[in-house]
There are 2 protein chains.
Amino acid sequence: MLFAGIKTDIAVDMEPQLIPLIDSLPSTVPFVGPEALERKRNRAFKARLGANESGFGPAPSVIAAIQSHAGEAWKYADPENFDLKHALAAHLGVAPTNIVVGEGVDTLLGLAVRQYVRESTPVVTSLGAYPTFNFHVAGFGGRLVTVPYGDDREDLEALLAAVKREQAPLVYLSNPDNPMGTWWAAAEIERFIDVLPKDTMLILDEAYGETAPADALPRIDVSRPNVLRMRTFSKAYGLAGMRCGYAVGAEKQILAFDKIRNHFGMNKLTQIAALAALKDQDYLKAVIARIIAGRERMVQIAAKNDLAAIPSATNFVTIDCGRDGSYALAVLNALIDRDVFVRKPMAPGLDRCIRVSVGLDEELDYFEQQLPQALAAVK
Amino acid sequence: MLFAGIKTDIAVDMEPQLIPLIDSLPSTVPFVGPEALERKRNRAFKARLGANESGFGPAPSVIAAIQSHAGEAWKYADPENFDLKHALAAHLGVAPTNIVVGEGVDTLLGLAVRQYVRESTPVVTSLGAYPTFNFHVAGFGGRLVTVPYGDDREDLEALLAAVKREQAPLVYLSNPDNPMGTWWAAAEIERFIDVLPKDTMLILDEAYGETAPADALPRIDVSRPNVLRMRTFSKAYGLAGMRCGYAVGAEKQILAFDKIRNHFGMNKLTQIAALAALKDQDYLKAVIARIIAGRERMVQIAAKNDLAAIPSATNFVTIDCGRDGSYALAVLNALIDRDVFVRKPMAPGLDRCIRVSVGLDEELDYFEQQLPQALAAVK
């Protein structure tokens with residue numbers, strides 16, 4: 001008989017103990033999903049404009065690729081992401097060894113934080129920038145140092161000053177920015193990179209790179225060991241639900257991801273979808289044109305309601321509600337009550353705004369119809 | 001002008017420094033994928049029997065669900081996995097709060113390790129058990145303590161002794177086991193749980209639970225705070241490429257995953273596929289019957305070649321090549337040369353074997369045809 005003579009452990013009140021760092025964290029989600037709101041409201045949204053997804057969807061060629069390969073879902077994906085990495089490398093004019101592919105930028109952000117951050121490591125970002133980055137910094141025990149936005153843009157000089165003051169090994173910058181939609185020109189980003197301490201890793205999140213003016217994106221320079229450019233298929237390519245992002249950087253720093261990444265984490269159909277999406281640049285161009293038109297329409301909708309839209313280089317428009325944070329929150333809730341899913345910045349200074357993703361014409365029609373009513377209800 | 005007066009950082013030989021733990025890790029992959037072997041050989045495999053995937057594929061109903069929802073790939077998945085968690089809870093007879101869904105068991109293993117392991121934490125597993133678990137333990141700086149298999153099974157008494165000796169907060173056990181295919185009866189696993197220190201978390205990996213005899217799986221008891229049962233859609237359900245696993249446990253320990261998991265990491269189509277797969281239990285039953293028949297056939301193929309197949313409760317059969325590890329490795333390589341993708345255990349004592357997944361009849365035909373030739377080539 002197994003365990004002969006060994007008594008059952010009767011210390012009934014004992015249980016596994018989380019390590020202190022993990023124990024100290026809240027069980028939280030960086031964002032509440034629209035599905036959770038729908039369940040709470042017990043009613044579906046009529047316009048899904050809150051998560052900066054692309055309501056235009058992926059290309060028909062991409063949908064067809066997913067459909068025709070669905071039967072291969074039994075195979076693990078190639079852990080090297082060979083085909084996708086090579087296609088991205090050709091597309092960007094870098095070597096495949098300059099690219100790491102991951103299950104969305106969120107995953108890559110977590111892996112990057114894990115490489116450079118341990119308990120008490122200072123990490124610099126802007127107050128109100130991407131919460132999932134902050135979630136990862138907290139998750140690895142880092143000490144988040146935030147600098148306020150200036151004129152609704154991430155403040156490059158203040159970020160640099162904080163990096164130097166704190167001797168931070170990691171700094172986060174999104175360009176174009178989420179949640180404000182603003183951007184810096186390539187020359188200014190390049191200048192920021194030039195003056196950044198060489199041992200500080202910059203995560204340059206370009207999730208919205210495809211929808212930005214051409215002069216907002218610095219030339220890709222993989223000779224820089226302290227820059228990781230992150231891009232995604234979730235936004236303009238319309239594949240948020242497939243989870244595919246990539247980081248571009250110097251070979252040594254890219255190779256380091258292989259130390260800890262979940263090698264078999266990629267979805268097989270995602271590899272196929274991303275490859276097909278990359279191939280269909282005509283569709284991408286058409287979607288970008290629709291996004292730009294949608295942004296312009298959103299500016300008009302805001303103006304018709306005496307609100308100012310902040311100029312945007314992304315697939316969303318952030319609208320200044322013209323009063324304080326609690327007023328903008330009331331507008332947000334009034335829109336949600338009217339079946340419009342939108343979100344808003346929460347940080348002081350930015351919280352006067354709501355953030356509305358560009359969507360299909362009928363969704364913008366619905367938003368246009370509901371916004372005046374929401375504003376009237378709040379006033 | 002931005003950064004007026006600030007000079008470019010000219011310390012050109014400086015670069016970002018990985019934290020020491022990460023720096024100490026190799027850039028490695030737990031397994032080489034078949035695609036990498038195909039690229040190296042410059043030839044496709046004719047039988048894909050190495051990764052314990054299910055060549056029978058997912059259910060036609062699942063393929064249809066993926067196809068019909070492909071157009072929704074632009075939406076982020078529900079971060080709460082509400083529908084899937086509720087369906088799993090109903091299926092297993094537990095509460096949704098007893099379940100965490102993740103991007104494959106690999107991801108959940110990493111999250112579990114991260115919760116209980118920091119630098120130098122002792123973690124107990126069997127020598128030769130699942131390498132991806134070991135990859136995560138190394139990745140968080142844990143000290144891996146291994147105990148040898150006994151009679152080709154994980155040695156429960158030796159695992160317990162190691163846990164007590166090391167005061168290990170985490171122990172890994174797979175039942176049925178990979179890579180040997182062996183298993184313990186539920187009563188023996190329950191006894192192991194009874195005698196395990198109450199503050200030691202057991203990860204009970206039941207990836208092959210669906211193909212095991214009914215009496216191999218303990219009743220699910222979510223009152224145990226120190227047991228996490230892990231299951232997957234990758235094996236019998238035929239969805240390895242979609243990346244969906246789940247852990248079942250006590251509410252408090254399940255909730256802890258929300259502290260660190262990638263809330264928006266799930267693939268939208270994966271949620272849909274897993275739900276559809278769970279619904280189609282008839283297909284699952286039919287596949288299990290085919291897997292059992294395939295195992296029996298593999299036993300016969302081994303016997304015809306004067307080799308002994310180890311009894312298996314999984315979707316693969318481990319074949320004892322009857323000599324030492326280098327001989328079995330030569331057999332493996334001879335099979336790969338003949339376009340049969342298989343793998344083998346590498347640990348001392350287990351390394352005399354090759355591991356062959358059950359597959360379609362035509363793949364087993366091909367294996368049956370090539371095995372004698374591979375053996376002849378090696379002899």
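Mentor: Start with B:Arg352 and B:Asp320, whose side chains meet in a salt bridge at 2.8 Å, N to O. Keep in mind that this is a predicted model, where local features need pLDDT of at least 70, side-chain atom pairs count only at pLDDT 80 or more, and totals for chains, interfaces and linings use all residues. Side-chain values use heavy atoms, without hydrogens and water, residues are numbered from 1 along each chain as its sequence is written, and chains are lettered from A and ligands numbered from 1 in the order in which they are written.

Trainee: What makes B:Arg352 count as buried?

Mentor: Buried means under 20% relative accessible area, exposed over 50%, and partly exposed in between (1.4 Å probe, protein chains only). B:Arg352 has 18% relative accessibility, so it counts as buried. B:Asp320, with 16%, is buried too.

Trainee: And how do you know whether A:Arg39 is buried or partly exposed?

Mentor: Its relative accessibility is 28%, so A:Arg39 counts as partly exposed. Its salt-bridge partner B:Asp78, at 3.0 Å, N to O, has 7% relative accessibility and therefore counts as buried.

Trainee: Which other residue of chain B meets A:Arg39 in a salt bridge?

Mentor: B:Glu80, again at 3.0 Å, N to O.

Trainee: What makes A:Arg48 and A:Glu35 a salt bridge?

Mentor: Their closest N and O atoms are 3.1 Å apart. A:Arg48 is in strand 1 (residues 47-48) and A:Glu35 in helix 2 of chain A, so the bridge ties together parts 13 residues apart in sequence. A:Arg48 is buried because its relative accessibility is 15%, and A:Glu35 is buried at 11%.

Trainee: How many residues of each chain are in contact with the other?

Mentor: 104 residues of chain B touch 104 residues of chain A, where contact means heavy atoms within 4.5 Å. The area buried between the chains is about 9,000 Å², with carbon and sulfur atoms giving 61%; that is the accessible area (1.4 Å probe) that two parts lose on being put together, summed over both.

Trainee: Why do you say the copies meet through the same surface?

Mentor: Because 100% of the interface residues of chain B are also interface residues in chain A.

Trainee: What rotation superposes chain B on chain A?

Mentor: One of 180 degrees, with 0.0 Å of shift along its axis and an RMSD of 0.0 Å. The two copies are thus related as by a two-fold rotation axis. The superposition is by least squares on the C-alpha atoms of residues with pLDDT of at least 70 in both.

Methods
A salt bridge is a side-chain nitrogen of Lys or Arg within 4 Å of a carboxyl oxygen of Asp or Glu. Helices (H or I, at least four residues) and strands (E, at least two) are DSSP runs, numbered from the N terminus.
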